[in-house]
Amino acid sequence: MAIEVWTWPTPNGHKVHIALEELGLPYTVVPVNIGAGEQFRPDFLAITPNHRIPAIVDPDGPGGQAVRLFESGAILIYLAEKAGGLIPEPPAERLACLQWLMFQMGGVGPMFGQYGHFHTYAPEPIPYARDRYAKEVQRLHRVLETRLNQAEWLAGGAYSIADIATFPWIRFPERRGIDLDQFPALRRWHDAIAARPAVARGVAVLAEHQRRGPLSDAERDNLFGSNQFRAR
Ligand SMILES: N[C@@H](CCC(=O)N[C@@H](CS)C(=O)NCC(=O)O)C(=O)O
């Protein structure tokens with residue numbers, strides 16, 4: 001039975017699309033237009049009280065019971081374990097994989113997200129915030145560069161969910177003021193992942209809905225305004 005993926009074409013959504021494509025798991029896409037406020041629909045809130053994509057419903061979860069899951073890192077671990085791939089078996093590499101996955105979830109994602117907020121979406125320029133997140137983005141790229149000078153992939157010798165979680169955030173580096181040519185190991189890693197057919201299929205999911213141009217007032221209200229912060 002196909003896994004339902006409640007998603008939208010953003011870096012966190014792309015992680016799950018890529019993993020499903022790499023693992024060859026059957027899935028159906030349920031679009032959740034976050035600019036239009038569809039993340040606040042009761043059927044989505046029943047899956048994730050955090051009203052953020054991605055989330056999945058697997059009718060054939062553990063013990064044959066349906067499972068609902070949110071948080072992209074947890075979803076990646078679940079999919080990798082279900083399919084038996086993209087997570088190394090040797091304990092040391094498995095730990096390294098989880099470590100770099102957590103680094104993405106707790107560092108790269110939130111910090112790059114705040115960079116985007118203060119450089120693109122904040123209604124007025126706040127130099128301190130712009131500078132802080134620009135420095136963090138640079139620093140996190142340096143950390144990844146150091147790791148990828150030591151190992152081919154983030155977990156070590158094998159491509160894994162740690163790479164899949166991180167890759168969508170390294171696409172379009174110019175959007176974060178990054179010149180990837182200054183990070184040769186990261187460039188090598190990025191190009192190797194971008195060349196994978198499953199990755200191309202994963203980032204093509206819902207590509208026709210990729211956001212372009214400035215936010216409308218309604219989109220701003222849903223993402224950063226009163227609708228976002230209303231008690232539910
Ligand atoms: N830690 C979460 C973050 C998910 C997240 O921030 N999703 C964004 C899109 S990339 C979202 O749904 N935003 C909707 C909103 O802010 O209302 C994860 O990795 O799944």
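User: What kind of model is it, and how are residues numbered?

Analyst: This is a predicted model, in which local features need pLDDT of at least 70, side-chain atom pairs count only at pLDDT 80 or more, and totals for chains, interfaces and linings use all residues. Residues are numbered from 1 along each chain as its sequence is written.

User: In what order do the strands of the open sheet lie?

Analyst: The order of the four strands is β2-β1-β3-β4, and the pairing is mixed. Because β2 (27–31) and β4 (67–70) stand at the edges with a single partner strand each, one side of each has no neighbour in the sheet. On average, neighbouring strands are turned by 20° against each other, direction ignored.

User: What do the words strand and pair mean here?

Analyst: Strands (E, at least two residues) and helices (H or I, at least four) are DSSP runs, numbered from the N terminus. Two strands pair if DSSP finds at least two bridges between them.

User: Which way do β1 and β3 run, and how many bridges join them?

Analyst: Strands β1 (residues 3–7) and β3 (residues 55–58) run antiparallel and are joined by three bridges. Within this pair, Val5 has Ile56 of β3 as its bridge partner.

User: And how do β1 and β2 pair?

Analyst: β1 and β2 pair in the parallel sense, over five bridges. Here Glu4 stands opposite Thr28 in β2.

User: Is β1 mostly covered or mostly open?

Analyst: β1 is mostly covered, since four of its five residues are buried. A residue is buried if 20 or more other C-beta atoms lie within 10 Å of its own, exposed if 12 or fewer, and partly exposed in between, with C-beta atoms placed from the backbone.

User: Now a helix. How long is α4?

Analyst: Helix α4 (residues 91–121) has 31 residues and reaches 42 Å from its first C-alpha to its last, close to the 45 Å expected at 1.5 Å a residue. The expected span is 1.5 Å times one less than the number of residues.

User: Where is the kink in α4 centred?

Analyst: The kink, of about 35°, is centred on Gln104. The bend at a residue is the angle between axes fitted to the seven residues ending there and the seven starting there.

User: Which residues of α4 are buried, and what do they pack against?

Analyst: Among the buried residues of α4 are Trp100, Leu101, Gln104 and Phe112. The buried residues of α4 pack against α1 (11–23), α3 (72–83), α5 (127–150) and α6 (161–170).

User: What about Gly116?

Analyst: Gly116 is in helix α4. Gly116 is partly exposed, with 16 other C-beta atoms within 10 Å.

User: Changing topic: which domains are assigned?

Analyst: The domain assignment gives domain 1 (3–85 + 202–229) and domain 2 (91–195). Such bounds come from an automatic or database domain assignment. The C-alpha centres of domain 1 and domain 2 lie 20 Å apart.

User: How many residues are in contact between the domains?

Analyst: On the side of domain 1, 14 residues are in contact with nine residues of domain 2. Two residues are in contact if their C-beta atoms, placed from the backbone, lie within 7 Å. The elements that give two or more residues to this side of domain 1 are α1 and α3. The largest share, seven residues, comes from α1.

User: Is Ile75 buried or exposed?

Analyst: Ile75 counts as buried because it has 24 C-beta neighbours inside 10 Å. Ile75 is found in helix α3.

User: What does it touch?

Analyst: Leaving aside neighbours within four places in sequence, Ile75 is in contact with Val16, Pro54, Ile56 and Leu69. Ile75 and Pro54 are 21 residues apart in sequence and 8.5 Å apart in space, C-alpha to C-alpha.

User: What sort of peptide bond joins Ile53 and Pro54?

Analyst: The bond between Ile53 and Pro54 is cis, with omega about 0°. Pro54 has its place in the loop between α2 (42–45) and β3.

User: What is the phi of His51, and of Phe172?

Analyst: His51 has a positive phi of about 35° although it is not a glycine. Phe172 is not a glycine either, and has a positive phi of about 55°. Most residues other than glycine have a negative phi, and most peptide bonds are trans.

User: Where are these two placed?

Analyst: His51 is found in the loop between α2 and β3, and Phe172 in the loop between α6 and α7 (184–194). His51 is partly exposed, with 19 other C-beta atoms within 10 Å, whereas Phe172 counts as exposed with 11 C-beta neighbours inside 10 Å.

Notes:
Axes fitted to C-alpha atoms, helices over the stretch in contact; angles between N-to-C directions.
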